[in-house]
Amino acid sequence: VLKLVAPTNATILIEGPTGVGKDLLGRIIHAQSPRLKRPFVKVNCAALPEALLESEMFGYVKGAFTGADRHKPGRFELADSGTIFLDEIGEMTLALQAKLLRVIEDQEYYALGARKTTKVDVRILAATNRPLLRQVEAGQFREDLYFRLNVIRIYIPPLLERPEDIPLYINRFIQRKNIERGTFICRVSQPALDLLLNYDYPGNVREVENILEHACLLCQGDVIDHGHLPLYMEERLAERQGGAARVGPAPDDPTVSGADQGAEAAADPERARILRTLEDHHWHRRRAAEALGIDRTTLWRRMRRLGINSR
């Protein structure tokens, strides 16, 4: 869908929990559109007080109010010929929603204190962490505006539901930090990677970035190791697993031995097959996944579902 709609001027509504990367998706859409070289302007509708949001979005003319001694362009004017990203649009007041509806329908608006309209050519991307349809049903959001925004709806699920994306975020963030700081971090050790792949990220993509920021700061070499990650990750993982988190190569502990896990798996053919394949490949997950005919992240998800601990 993204490949089809990104190159168009269609209005897009992006929904999903806080921190899943709605802002990043907005930038990707802009980067894949004909407006790539034009402005990308973001407005956080929840961060600005109600009294200031209108002037921030639409600007004001000189003399519009006491202290308005000059013309101030709004975000829509700054985004002219480009893209405007309206984050947390569900926080916008009903009065301001009416003005936004006019911009979408007529591509024009009144700046505060203005007697004539300002024409603007912008593509609108809107994002919210609360389903807008529910707000419409509760009378908190205009139905006509909702249908104008909901030309194309994209839902981004929490990171827990798409673990295959975690390695992509890890690589992207490390590459970015290498460029910013002139460092040469080239890989993540297996114990650290196991922890990163098994953690559930309640803060979604934003938490991935915070964790890797922490790791990159502590890492003085070219490999991020287990000790560079925040301590709370193992504690949370242990709580979820109902016991001590086991990350990386396991000691010779009979409670986690392949024999015991095999006995537990006797009544579950899928679990037995995965355990047998892992044992055959000395718990090398990439090779085991290839032998099973699945990718590594799919194997990881099945191990997690079946309660098979990494060794």
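A: Take Cys219 to begin with: its sulfur sits 7.1 Å from the closest cysteine sulfur, the one in Cys216, and that's too far for a bond. Look from the other end and Cys216 likewise has Cys219 as its closest cysteine sulfur, at 7.1 Å. A disulfide, after all, is a covalent bond between the sulfur atoms of two cysteines. Here it is counted as a pair of cysteine sulfur atoms within 2.5 Å, and the structure holds zero of them.

A quick word on what you're looking at: this is a predicted model, where local features need pLDDT of at least 70, side-chain atom pairs count only at pLDDT 80 or more, and totals for chains, interfaces and linings use all residues. Residues are numbered from 1 along each chain as its sequence is written, and side-chain values use heavy atoms, with hydrogens and water left out.

Back to the pair: Cys219 has 8% relative accessibility, so it counts as buried (under 20% relative accessible area; exposed is over 50%, partly exposed in between, with a 1.4 Å probe and protein chains only). Cys216 is buried too, at 8%.

What else is tucked away? Strand S3, residues 83-87, has five of its five residues buried (strands are DSSP E runs of at least two residues, numbered from the N terminus). One side of S3 carries Thr83, Phe85 and Asp87, the other Ile84 and Leu86, and both faces are covered. S3 pairs with strand S2 (residues 40-44) in the parallel sense over five bridges (pairing takes at least two DSSP bridges), with Phe40 bridged to Thr83. S3 also pairs with strand S6 (residues 123-128), again parallel, over four bridges, and there Leu86 has Ala126 as its bridge partner.
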